[in-house]
Amino acid sequence: MNFHMVHRHEVHPAQSPYRIVERGTSREVPWINRFLDRECVRRLADTTLRSYALDLLHFLRWWVHIHNTNAIAEAALTESTLLDYIRFQSGQQPRPAAASINRRIVVAERALRAEFPDAPCQFAPGFHQIHWRRAPMGIGRPRLALSRLRVRASKRSIVPLSVDEVARFWSSFRNGRDLAIVGLMLLQGLRSREILGLNRDDLLLSEAQLRVRGKGNKIRFLPLAPESVQLLDHYLRLERPETSATALLVSLKGPARGERMTPPGLRSLFRYHRQTTGVALANPHRFPHTFASDMVRAGISLPALMQLMGHAQIQTTLLYVQVTPLEVYQQYARAVAQHVRPLPAIRS
């Protein structure tokens with residue numbers, strides 16, 4: 001039995017476009033696709049549905065290898081099912097990252113609980129820990145809780161690009177569209193998906209504003225830097241092809257001329273300029289981190305930065321902010337120099 005993921009464009013709006021089917025027969029895997037349909041009804045983004053489908057496909061292939069069937073019965077689920085799945089992943093070569101293992105466990109656990117609510121609770125001594133959970137806002141008594149089944153993951157620290165790296169990378173672009181893409185990342189902090197999802201009517205050049213649809217389809221309005229306004233105006237007046245497409249950023253040449261830029265096209269664009277400039281770290285994901293660090297250095301408050309980047313929690317914003325030891329020392333010295341509290345006299 002061989003299974004794979006397919007993307008079906010013509011499906012009911014309440015169904016996930018991503019389906020897990022058997023190769024050759026196109027027979028669907030009911031329990032997985034039911035879970036994906038439920039998540040689709042919750043209005044999760046297509047990229048999230050695709051990620052869930054791939055994670056469950058990985059679990060399904062492991063299950064078929066162990067049990068020789070794609071059907072899952074409640075009696076076949078034990079307390080150690082997910083722990084056995086972790087052991088399998090830990091023995092793979094190359095070994096998956098801890099974040100990948102944890103993500104797959106979360107999705108598999110949710111799908112199995114939705115399909116089999118009365119199945120045995122997963123418990124793995126050494127992984128699960130009983131702890132006291134504090135009540136929200138500290139009101140009420142703490143309650144006993146069980147930690148989740150996870151492997152230890154090291155904290156990721158994404159170092160922002162230096163001024164020299166940004167200058168070298170920026171100087172390699174020639175047309176206004178590509179410069180506008182980098183400008184929206186570096187000066188507005190937009191993610192690559194947010195940039196590709198922009199429509200022509202989201203741009204309000206006369207008001208220097210931009211309407212952005214972020215994660216969860218949340219809409220926020222951002223002020224545009226003068227440089228961004230200039231780059232976007234140049235692109236719209238001189239480069240953007242005459243097209244009926246609603247997309248703001250479209251392909252400039254080739255068979256797809258006038259159509260919305262795609263994620264592979266954007267990755268290819270950045271890959272080419274990384275090779276040209278030798279700035280190996282200049283990937284689309286690093287530019288929002290560079291934007292956040294630049295804003296903090298300029299003195300912006302964390303709540304304001306959180307609103308600019310569309311984060312629901314300030315803890316997420318803190319992950320984007322990286323301060324070097326030299327900057328810590330400089331800010332400390334500046335704060336000490338402005339200290340107004342009188343110090344006690346030192347006796348000789």
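R237 is exposed, with 55% relative accessible area (buried is under 20%, exposed over 50%, partly exposed in between, using a 1.4 Å probe and protein chains only). Keep that residue in mind for the first exercise.

A quick note on the model: it's predicted, local features need pLDDT of at least 70, side-chain atom pairs count only at pLDDT 80 or more, and totals for chains, interfaces and linings use all residues. Residues are numbered from 1 along each chain as its sequence is written, and side-chain values use heavy atoms, leaving out hydrogens and water.

**Exercise 1.** Work out which parts the R8–E28 salt bridge ties together.

*Solution.* First, the closest N and O atoms of R8 and E28 are 2.8 Å apart. R8 lies in the loop between β1 (3–7) and β2 (18–22), and E28 in the loop between β2 and α1 (30–41), so the pair ties together parts 20 residues apart in sequence. Now zoom out: R8, R19, E28 and D37 are linked in a network of salt bridges.

**Exercise 2.** Describe the exposure of R8 and E28.

*Solution.* R8 is partly exposed at 30% relative accessibility. E28 is partly exposed too, at 27%.

How values were computed. Salt bridge = Lys/Arg side-chain N within 4 Å of Asp/Glu carboxyl O. Helix = DSSP H or I, 4+ residues; strand = E, 2+ residues; numbered from the N terminus.
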